[in-house]
Amino acid sequence: MSVLLIAEHNNSDLRPFTFNAATAASKINEDLHVLVLGNKSDSVAKAASEIPLVKKVIHVDNEIFDNFTAENYTSTILKHVDNYSHIVCSANTFGKNLMPRVAALLDTSQVSDIVNVISEDTFLRPIYAGNAFATVKSNDKKKCVTIRPTSFDPAPSTGGSAEIVKSEPGDKFESSKFVKREEIKSDRPELGTARVVISGGRGMQNSDNFKLISAIADKLNAAIGASRAAVDAGYITNDHQVGQTGKVVVPDLYIAVGISGAIQHLAGMKESKVIVAINKDGEAPIFSVADYGLEADLFEALPQFLEELNKLNSIQK
Amino acid sequence: MKILVAVKRVIDYNVQVRVKDDGTGVVTDNVKMSTNPPDDNAIEEAVKIKESGKAKEVIAITIGDDKAQETVRKALAVGADRGIHVKVDGIVEPLAVSKILKKIVEKENPDLVFMGKQAIDDDCNQTGQMLAAILNWPQATFASKIDVKEKSLEVTREIDEGLETIEVNIPAIVTCDLRLNEPRYASLPNIMKAKKKPLEQLNASDLGVDTKARIEQIKVEEPPKRKAGIKVASVSELVQKLKNEAKVI
């Protein structure tokens, strides 16, 4: 009984959520192996081998993995699953795209987006946008599980020296072609792992007003989030969306500005340690989850907020 | 070109879901039900492609109990040509749904299968990818833009890092994001007309698909409640609280 974790990476580094997934995977079973599929990705295999929780790394390096397509990943994963009881990865867009393709071909009913490992076959997962938690037991022989990364601490990244075994790819899938990826580069912390997140909603009124948010984000070293309404309205790009169908964030501090607090948005942020809501509508549902609520016009409150922060002698980073 | 669109009946997205006292699930009696929101986007996109002349027929399919037919009727009212209802009672896991859809694909030979990227009840986000796998078709998940070419689709996908564009050969599976389009409303005359459109009824067992659950739902509980917060009177009070009480800045 061993666990195979599918590494998420960019061909040079492991993506941060792979470390969170490693923690969850090792809770399922301590015999944790990592499968790295990449192109010119030796540094990724090395990084995976340095995670102390990892017992073995299987590395398949081939140009068909250059763009991490689910179709090419799946045929190779299937070649490597024989000795494993569990195949796991993060429940972000990478894992959500990939794992069901693997599970279906193993004739396994996948357990998605777990937030706790109860035993080798029993897991806790949110349903209905986190309005209920289901304890589920998988009765399939091989289990395919995706992990909500923000529910597990990241594993230490150094100190290990697991064996790296080279292996061969499966068949190339010919009916799909990668065209391009438009990644939004930012100097800010990643939304999924940031200690502080400040998000804007429809109340921001336009994209220009998000400058008020970014000024505070700069000060707090925060990531910038948004409600779906703000993304739909074109105020900000989709990679900022927090919620049921966007990203789930669990920062130490979440500041919701001009966000009413629809169920779907709360699903993405209500596990945050401290929640602040700034909204001029005192009845807005966001106040029901806020530790500190400020009923105010955001266009007055945000400049004041920045001013107050400037007065502080020190700010945690 | 023929497009098959899968739609699911779920608790309406505006309903505050309540967990049953006995821990067996959530309350569904007397609760408003609707089509899973991104499934509406899937239907809309298929109908738009048909209106552009690139598709000849749009077939809406649902899997579920008798009431699930409402979602097909709604799809027919916004432009789908005919419907299929595969009757199954109780929870059907995405793996079984994909197996049923595969049987229908083999029967109907669609060029494209569309559906929402995720159902807002079980939040699984699996069915489209699973169907693509067992058909050995390409998958374009989380689509926010679809460009139909002669023998392929160019699809923009929403991913965590931003946007990704892929080209998939037809036949293909597309799972739709809420930003793909703006679903239209059904007009009353179209709702009336939809009642006369053909709706075929099948049983999952007749299709030879085993729908028995592989995952046991042991219990369903309320999420942990947050303790009530406070309202602050001013920005300076807020900053002081964050600094000295919550100690997060």
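Here are some notes on how the two chains of this model are built and how they meet.

1. First, keep in mind that this is a predicted model. Everything below describes that prediction.

2. Strand β3 (residues 54–61) of chain A pairs with β10(A) in the parallel sense, over 4 bridges. To find the spot on screen, pick A:His59, whose bridge partner in β10(A) is A:Lys166.

3. Now for a helix on the sheet.

4. How do the two helices lie to each other? On the α3(A) side the contact uses A:Ala70, A:Tyr73, A:Thr74, A:Ile77 and A:Leu78, while α4(A) brings A:Asn97, A:Leu98, A:Arg101, A:Val102 and A:Leu105. Sorted by class, that contact has 7 nonpolar, 2 polar and 1 charged residues.

5. Buried or exposed, with 26 other C-beta atoms within 10 Å? A residue counts as buried at 20 or more, so A:Val44 is buried. Leaving out residues up to four places away in sequence, A:Val44 touches A:Ala7, A:His9, A:Asn11, A:Ser12, A:Asp13, A:Leu14, A:Val36 and A:Gly38. For a sense of scale, the C-alpha atoms of A:Val44 and A:Asp107 are separated by 30 Å, and these residues are 63 apart along the chain.

6. On to chain B, which has 6 helices and 13 strands. The C-alpha trace of chain B spans about 65 × 45 × 40 Å along its principal axes. Of the 249 residues in chain B, 48% are buried. Among its contacts between residues at least 6 apart in sequence, 69% join residues at least 24 apart.

7. How many residues of each chain take part in the contact between them? Chain A gives 73 residues and chain B gives 65 residues. Several elements of chain B supply at least two residues each to its side, including α3 (94–108), α4 (127–135) and α6 (235–245). The largest share of chain B's side comes from β9(B), with 8 residues. By class, the side of chain B that touches chain A has 31 nonpolar, 14 polar and 20 charged residues.

8. The chains also share strand pairing. An open sheet of 4 strands runs β6(A)-β7(A)-β8(A)-β12(B), with antiparallel pairing. Its edges are β6 (116–117) of chain A and β12 (215–221) of chain B. Within this sheet, 2 bridges join β6(A) to β7 (residues 122–127) of chain A, and A:Asn116 stands opposite A:Leu124.

9. Elsewhere, strand β16 (residues 292–295) of chain A runs parallel to β13(B), joined by 3 bridges. Here A:Leu294 stands opposite B:Val232.

Definitions and conventions
Residues numbered from 1 in each chain as written. Chains lettered and ligands numbered in written order. Predicted model: local features only at pLDDT ≥ 70, side-chain atom pairs only at ≥ 80, totals over all residues. Pairing = 2+ DSSP bridges. Contact = placed C-beta atoms within 7 Å. Nonpolar A, V, L, I, M, F, W, Y, C, P; charged D, E, K, R; others polar. Buried ≥ 20, exposed ≤ 12 C-beta atoms within 10 Å, placed from the backbone.
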